[in-house]
Amino acid sequence: MCGIVGYIGERRAQPVLLGCLRKLEYRGYDSCGIAVTADGLQVYKDAVRVEALAKSAPQFGGTVGIGHTRWATHGGPSKINAHPHLDCAGRIAVVHNGVITNFRELRRKLAAEGHIFLSETDTEVIPHLIEKYDTGDLEAAVVAALREIEGSYAIVVMKAGEARLVVARKDSPLVIGIGDRENFIASDVPAFLEHTGRVIYLEDGQTGSITRSGIRINSGGREIAPKEDKVLWSANEAQKGGYDHFMLKEIHEQPRVIRNTLAEFTQAEETASGSDLTREIGVSPILMLACGTSYHAALVGKYVLEDLVNIPATVEFASEFNHRKNIFGKPLGIAITQSGETADTLKAMKRVRSQGGRVIAVTNVVGSTASRIANQTIYTRAGPEISVAATKTFIAQLMILYWLAMSNSKADSRRIASLLLELRQLPNRVQQVLDNEGIIAGHAKFLSRYEHAFFIGRGINYPVALEGALKLKEVSYIHAEGYPAGETKHGPFALLGRETPVIAAVSRDDTYEAMMTSMKEIKARSSPVIALSEDGDGAVEELADFVIPVPHVDCIFSPVVNCVALQLLAYYAARERGCPIDFPRNLAKSVTVE
Ligand code: F6R
């Protein structure tokens, strides 16, 4: 979704800002713009990609500036609606992420006072309000303006002739990057990671005044000492590293991600205190809240927790949970969100907490809003995930859920010991899947000719079918549906035929025979079948048109090897179809609106 950048230092701001905006392209956007202080305020914006903006923009001087990538909510993508937005005099510029819920009322009032609005956005009221309250102290004017604003915001404000940027946040992330005689601001760390890894995460309700050499943070009207953090990600991790797409690079990183996430978790386990909420898994029922791919991780987690911990686990789409009339009892919440900024998931977490419940957040982003709302946070150590389609963060989420279940398991100790051995072997098993990339790419070429597909699975491989379908549709634009195999007879069979391939995740567990029956029924309706199955399973090979071989693992871990294979299938199908794999149309890396 929208991205914010800011720069103040000794270098020319324009190229620095454009470089930072390029790093935020992965968030998804439809327009972009910059403002710099040079001979007053110079603004250049349009409904184009950053590259096009960089080519067409005049060369501005000036060492202070702000920039933005916009994902349209209030008013379509256009030059006028793009940020930065200005006040009447064109001296105050603002970039904003979030939604101002009372903007209509504010706009009416300001218009009656003589302010002229150009765009359809909610954001434009902010520079006009600041203008109204500006008596010379920009930060004081921002604070006064924010008192009137309802909703969520992360903003950066600049004023012609002032070597200062003013920042503020409420329910939308903003981070300051500390450089040497220069400072950066962004909604997301990768924007400035090549310049600095020293950061200050702004908290809700705080404002800040940033100059080339100083950072002052105010909270509730009082200056506070800023808390500096160090980002563990390296700038290289946010580069393609020789791969054609971030998605492919991130798929290939998964053996390492599994190792890192497990290492992190076992170390944390050694130092865990008695108040560690993860020790309460197995005491109260569990409520998992998530969206999209993270929801599919939660569904796998449900099977694993119910099997190993013998505790009921409910999984809810966060967006649906937020419309529930009642929450029953006091379940232990587990919110799963790679970005830590998904608006629906954050709202659901707040709801659980407001009812006296406690929530563990599983997220990939240190300092994210989810980590601030949660009672406890467990980090997936996946490194920055740039491709919009989640791959390595999903696998890392699974690792956390396996570990939570195994470390609280009521299963017999021999089973757990053998699962632990397998867990440590998973990086090698995933590597075996990656080694079959050529075979998968061949099947993907076949799949890429179709416009519709079904993914089926049973038991713990039902979420695999959902995730396989989601991955394929988002990157290749092939319409795909994930189904529990047993349900396909109850309607979807009407769509079977030569034009509708079916991808079946077959695992050698107690669903095996039923899956074989489903595949026979599907073959009898002429649909081509691509089956994921254990290496050397002759019965599946005989039945399916194509087989994606995956290594043998305990069936509890089959979602890991199967999903990695399906990520590759989606990637190569999208590549065959010439899709913009890392930045699919209309999608955003973190969905910060409801
Ligand atoms: C799909 C994908 C999305 C996200 C969803 C939730 O590849 O990435 O479906 O999983 O938007 O995002 P997070 O995990 O950041 O809450």
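Author: The largest pocket holds about 600 Å³ of space. Its lining is made of 28 residues, and C291, G292, T293, A588 and V591 sit closest to its centre. The largest share, four residues, is from α8. Helices (H or I, at least four residues) and strands (E, at least two) are DSSP runs, numbered from the N terminus.

Now the terms. The search runs on a 1 Å grid over the protein atoms alone. A pocket is an open set of points with protein on both sides within 12 Å along at least five of seven lines. In a cavity, a 1.4 Å probe fits but cannot get out. Lining residues have an atom within 4 Å of a point. Points are joined across faces, edges and corners, and a volume is the space filled by probe spheres set on them.

This is a predicted model; local features need pLDDT of at least 70, side-chain atom pairs count only at pLDDT 80 or more, and totals for chains, interfaces and linings use all residues. Residues are numbered from 1 along each chain as its sequence is written, and side-chain values use heavy atoms, without hydrogens and water.

By class, the pocket lining has 13 nonpolar, 12 polar and three charged residues. Ala, Val, Leu, Ile, Met, Phe, Trp, Tyr, Cys and Pro count as nonpolar, Asp, Glu, Lys and Arg as charged, and the others, Gly among them, as polar.

As for location, domain 2 (239-411) and domain 3 (433-594) both contribute lining residues, so the largest pocket lies between them. The domain bounds come from an automatic or database domain assignment.
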